[in-house]
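Take a look at this chain before reading on.

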Amino acid sequence: MRHSLNLLVPPSVRHGLKTALATSLAYVVTQLLGDHLGQWAVVSALVAMQVTVADAIQAGLNRILGTALGAVLGIALLYVLPDQQLLWLAVALFAGTALCSSLSQHNARYTMASLTVAVVLLAGAGQADKIAVGLSRMLEIALGVGCALLVSVVLWPVRMADGLRRDLTAQYLQCSTALNTLVFAFLERQHPVDKRLLDGLIDKSWTNHETMLRVRKHEALLFHYDHEILNIQVRTLDKAVTHLRPMLETLNDYEESGYDVIMAAELRHLSDAIMATLRHLGGSTPGAPVPDLVRSLTELVDITETRLGALRDQGATNRFNLHQMLQFFTFFHALRGLAADLLMALDRIQNSRGTQG
């Protein structure tokens, strides 16, 4: 039912409805509390309502902390000003907003501090209880932020962790496809491949880490996530791309005539097992029991290494010149290293699930 409703209501419409609900709720709450100047609660709800829960939490924290800093500074300036003198009020506005705006270059919360300084100074000038003015503005803003967070979490929550999982599924599939392309090119007499083959994966790896950091820093405050498994997925994908890069480079670095790979069957079987593991790690259930994957990868690594050792003992590698030997062993070492990292990831996921159980 919920999934069907999500299909009927586009994401943009959902966000609009959530924003409208948050602002309306903020207005109603301030009126019920007897505050007839609740515009700052409404504005705060508008600013704090972001597309994702993590962004909403970040915007809300920046707004609340910035408001607190600005209110403290504004109240302090009001107390040192000669009462109701226009010139000194202008000087205080200049000093307070200049200081906070300068600091906003280092942290976004000072943008809100700058605005709050101005509001407190203008609203509190000439008032008997200057502290009450500052606290009233802080309460309004906190109410608005609270309404935005409540709506973000309860109604159609857009969790950054869910988006990260979907992105990782696509990226692991892309990684598997890239590996297939590289291995096929290598076994087909080492023909070159597109030098930009991995560019998309390399670029996305930075985004994955940034998203993971925000999930752990913000969304974890409200939702329970299996952070360890998600973190293993992100880091393992990075390692996989790191292993694919020398494969790509070694295929494009040499212009000599290609050669037939005697142990092509073993390398093909090993790469097939690696691709199956990559797809599994990027799937929706990366923590499921994987004894077959582990056994297959382990056996194929042993078979491949044993076969290579036997060929070296027979002198089969003597047919290579220096460049060909470097190319072969670079490619083999990268493939072998990728398999080892995937085995380690599977083991860490199993241990993580075992610990949680």
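What follows is a short report on the fold, the surface and the cores.

This is a predicted model, in which local features need pLDDT of at least 70, side-chain atom pairs count only at pLDDT 80 or more, and totals for chains, interfaces and linings use all residues. Residues are numbered from 1 along each chain as its sequence is written, and side-chain values use heavy atoms, without hydrogens and water.

The chain has 13 helices and zero strands. Helices (H or I, at least four residues) and strands (E, at least two) are DSSP runs, numbered from the N terminus. The radius of gyration is 30 Å, well over the 21 Å that the globule rule gives for 357 residues, so the chain is more spread out than a compact globule. That radius is taken over C-alpha atoms, and the rule is 2.2 Å times the number of residues to the power 0.38. The C-alpha trace spans about 95 × 50 × 35 Å along its principal axes.

Of the 357 residues, 44% count as buried, meaning under 20% relative accessible area with a 1.4 Å probe, protein chains only.

Now the cores. A nonpolar core is a set of buried Ala, Val, Leu, Ile, Met, Phe, Trp, Tyr and Cys residues joined through side-chain atoms within 4.5 Å.

| Core | Size | Residues include |
|---|---|---|
| Largest core | 64 residues | Leu 179, Phe 186, Leu 244 |
| Another core | 14 residues | Ala 22, Ala 41, Val 119 |

Notes: Buried means under 20% relative accessible area, exposed over 50%, partly exposed in between (1.4 Å probe, protein chains only).
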